[in-house]
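Please keep the sequence and the structure in view while working through the numbered points.

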Amino acid sequence: MILITGGRAQGKRAFAHENYGGDAFIMDGLQDIIKGWLACLPADHTEKLKEKGRAGADESQSDILSRAFMEDVMSDVPDDAIVICDEVGCGIVPLDRAERLYRDIVGHVCCAVAARADSVIRVFCGTGIKIK
C-alpha cells in the first residue's frame, strides 16, 4: 500500500497517476470517505461498540471510531492500493465538536494506514516527498 497525503489541490491525484499508472487501484479522497461513513453511523454507535466488547470503556470516541473504520472499511482495501488523503489537521481547530472529532479520526486513520503502507509520500506543489 502507498499513502499519498498533502494539502488540498496540491496535485496528489496527478502525482499518483503519473508515478503509478492507470492500472493501480487508487482510493482517492479518504477524508471524504471517512466523512460519509461517519454520517451513516447511528448516534449511539460508540456505545454499541462498547457493549459488544469491540471497545474499552475508557477509550476515546475518536480512537474507537478510527479503529472501527479500519476494521469496517480499510480491511477490504487491497495491499497494493494507492490511498490518497487530504491533510485536514492543520490550521485553526474548529469550534464544532463534530468537526474536531472528524479531524481526529482522519488523523488516526492516516496514522494506521501509514503504518500498514510500504511507503508514504507527501505531495506539495505537485512534488512528491517520500517520508516513509
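How are α2 and α4 oriented to each other?

1. Basis of the note. This is a predicted model, in which local features need pLDDT of at least 70 and side-chain atom pairs count only at pLDDT 80 or more, while totals for chains, interfaces and linings use all residues. Residues are numbered from 1 along each chain as its sequence is written, and side-chain values use heavy atoms, with hydrogens and water left out.

2. The two helices of the question. Helices (H or I, at least four residues) and strands (E, at least two) are DSSP runs, numbered from the N terminus. Helices α2 and α4 pack at an angle of about 105 degrees, and their axes are 12 Å apart. Axes are lines fitted to C-alpha atoms, for helices over the stretch in contact, and angles run from 0 to 180 degrees between N-to-C directions. The two helices are therefore roughly perpendicular to each other (under 35 degrees counts as roughly parallel, over 145 as roughly antiparallel, 65 to 115 as roughly perpendicular and the rest as oblique).

3. Residues between these helices. Leu 30, Ile 33, Ile 34, Trp 37 and Leu 38 in α2 meet Leu 65, Ala 68, Phe 69 and Asp 72 in α4; contact means heavy atoms within 4.5 Å.

4. The aromatic pair. A search of the whole structure finds 1 aromatic pair. The ring centres of Trp 37 and Phe 69 are 5.2 Å apart and the planes stand at 80 degrees, so the pair is edge-to-face. Rings of Phe, Tyr and Trp (its six-membered ring) pair if their centres lie within 6.5 Å; planes under 30 degrees apart count as stacked, over 60 as edge-to-face and the rest as tilted. The pair links distant parts of the chain, 32 residues apart: Trp 37 belongs to helix α2 (residues 30-40) and Phe 69 to helix α4 (residues 61-72). Both Trp 37 and Phe 69 are buried (buried means under 20% relative accessible area, exposed over 50%, partly exposed in between, with a 1.4 Å probe and protein chains only).

5. The sheet. An open sheet of mixed pairing is formed by 5 strands in the order β2-β3-β1-β4-β5. Its edge strands, β2 (26-28) and β5 (127-130), each pair on one side only. Two strands pair if DSSP finds at least two bridges between them. Strands β1 (residues 2-6) and β3 (residues 82-86) pair in the parallel sense over 5 bridges, and Val 83 in β3 is the bridge partner of Leu 3. By contrast, β4 and β5 pair in the antiparallel sense over 4 bridges, with Phe 124 opposite Thr 127 in β5.

6. The helix across the sheet. Helix α5 (residues 97-116) lies across β1, β3 and β4 (119-124) and runs at about 155 degrees to β3. Cys 111 lies in this helix. At 56% relative accessibility, Cys 111 counts as exposed. The C-alpha atoms of Cys 111 and Met 70 are separated by 11 Å, although these residues are 41 apart along the chain.

7. Two loop residues. Which backbone angle deserves attention at Ala 9? Ala 9 has a positive phi of about 60 degrees although it is not a glycine. Ala 9 is placed in the loop between β1 and α1 (12-20) and is exposed, with a relative accessible area of 76%. Strands β4 and β5 form a hairpin with 2 residues between them, and Cys 125 in the turn has a positive phi of about 55 degrees. Cys 125 is exposed, with a relative accessible area of 57%.
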